[in-house]
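Try each task first, then follow the solution step by step.

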Amino acid sequence: MSPAAAARRRIAEARRVVVKVGSSSLTGPRGGLDQARVDALVDVIGARAAAGGEVVLVSSGAIATGLVPLGLSRRPRQLADQQAAASVGQGLLVAQYTRAFARHGITVGQVLLTNEDVTRRAHYRNAQRTLYRLLELGVVPIVNENDTVATDEIRFGDNDRLAALVAHLVHADALVLLSDVDGLYDGPPGRAGSSLVAEVRPDDDLAGVTIGGTGSAVGLGGMATKVEAARIGTSSGIPVVLTAAGSAAAALAGETVGTLFHPASRHRPARLLWLAHATSGRGRLCLDDGAVDAVVRRRLSLLPAGVTAVEGDFVAGDPVDLVDTAGTVVARGLVAYDAGELPAMLGRSTRDLARDLG
């Protein structure tokens, strides 16, 4: 059996699958839910659940769903307007899912996440417990960003990155990304001569592939966010398929549709994967050359003696970026002290600090 066939078979036989669907796959061109599209997706997931599978649905669409009730013709630019649309649309979106899944005798549960829920370890554990329990109870979790209160998180990547992180969080066996295009192309999909990329292997740097686009009038997704999501998933050892929403059933059945991203043979440790992809630096620590060598090459913890400057406002436990003398980010880690505490510690040995601070 070829590697591609084996990976497709893993998806077909996966016990737990995360399915992500974008706004443009659920709504009409002017916003508002398209009931036929929602029902078609739910029928596919319902069939998977009836066959004994577990599905977590990461669904965009709250802001897009709120456009019509608010009399808006396209996604607003102002953050407050986006949050208002999300507030109106989220309830309508979940209500539609509730009715659609009820036809299959399936209960759904709403899970709204923000960046804090996937960057703070305690929040992460709470979210994980909730999702595990919902799956144990036979519930289909409907996961979305909490766009109503999000600020910079509202551009989390049109839920693509969130879906990959959720797949990692629930230890999913497969990730299916549904879009308004049928896969990854080596050029703009509508341009003559562009071809579908059928497979992407872990060591493939996607050279020559055009990854661009800023999403539709109702969504924020682009191909770059989907490729990044696929990289997160495959780094966790999860096979990923990117395809059109209309091919959802075929993708889950392991048929040759869309673009298959092969899982990596060597998995990154969960903590390192989470730190790299789920977090963003709340500040920066500038390191001297010796500290860069210790952290990057020798994989040692960072000591105050190697820090030359502190940038940003953060507290103990926050993720911070570590930069070299040229200002290039070389690593990310969780800091043990508040930003205000560090200046007095810079350049000092741990022995001195132990004597002074205990």
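**Exercise 1. Find out how many of the six residues of strand β4 (residues 140-145) are buried, and which way they point.**

Step 1. Strand β4 is mostly covered, as six of its six residues are buried. Buried means under 20% relative accessible area, exposed means over 50%, and partly exposed lies in between (1.4 Å probe, protein chains only). Strands are DSSP runs of E with at least two residues, helices are runs of H or I with at least four, and both are numbered from the N terminus.

Step 2. A word on the model: it is predicted, so local features need pLDDT of at least 70 and side-chain atom pairs count only at pLDDT 80 or more, while totals for chains, interfaces and linings use all residues. Residues are numbered from 1 along each chain as its sequence is written, and side-chain values use heavy atoms, with hydrogens and water left out.

**Exercise 2. Which residues touch the most other members of the largest nonpolar core?**

Step 1. A nonpolar core is a set of buried Ala, Val, Leu, Ile, Met, Phe, Trp, Tyr and Cys residues joined through side-chain atoms within 4.5 Å.

Step 2. The largest such core has 35 residues, and those touching the most other members are Val18, Val143, Val166, Leu175 and Leu184. Two or more residues come from each of β2, β3, α6 (121-136), α7 (160-169), β5, α8 (223-235) and β7. The most come from α7, which gives seven.

Step 3. Zoom in on Val143. Leaving aside neighbours within four places in sequence, Val143 is in contact (heavy atoms within 4.5 Å) with Val56, Leu57, Val58, Ser59, Val111, Leu113, Leu131, Leu162 and Val166.

Step 4. Apart from this core lies another, of 33 residues, including Ala14, Val19, Ile142 and Leu178.

**Exercise 3. Why do the buried residues of helix α1 lie on the same side of α1?**

Step 1. In α1 (residues 3-12), the buried residues are Ala4, Ala7, Arg8 and Ile11.

Step 2. These residues cover an arc of only 100 degrees around the axis, which puts them on the same side of α1. The arc is that of the directions from the helix axis to the C-beta atoms.

Step 3. Their packing partners are α2 (35-50), β5 (174-179), β6 (199-200), β7 (240-244), α9 (248-252) and β8 (259-261).

**Exercise 4. Is Glu54 buried or exposed, and which side chain does Glu54 meet in a polar contact?**

Step 1. Glu54 sits in strand β2 and is buried, with a relative accessible area of 18%.

Step 2. The side chains of Glu54 and Arg16 are joined by a polar contact of 2.7 Å. A polar contact is a pair of N or O atoms within 3.5 Å; within protein, one must be able to donate a hydrogen and the other to accept it, and residues adjacent in sequence count only if both atoms are side-chain atoms.

Step 3. Not counting residues up to four places away in sequence, Glu54 touches Arg15, Arg16, Val17 and Leu135.

**Exercise 5. Where does Arg299 lie, and is Arg299 buried or exposed?**

Step 1. Arg299 is found in the loop between α11 (289-297) and β10 (307-312).

Step 2. Its relative accessibility is 71%, so Arg299 counts as exposed.

Step 3. Phi of Arg299 is near 60 degrees, a positive value in a residue other than glycine.
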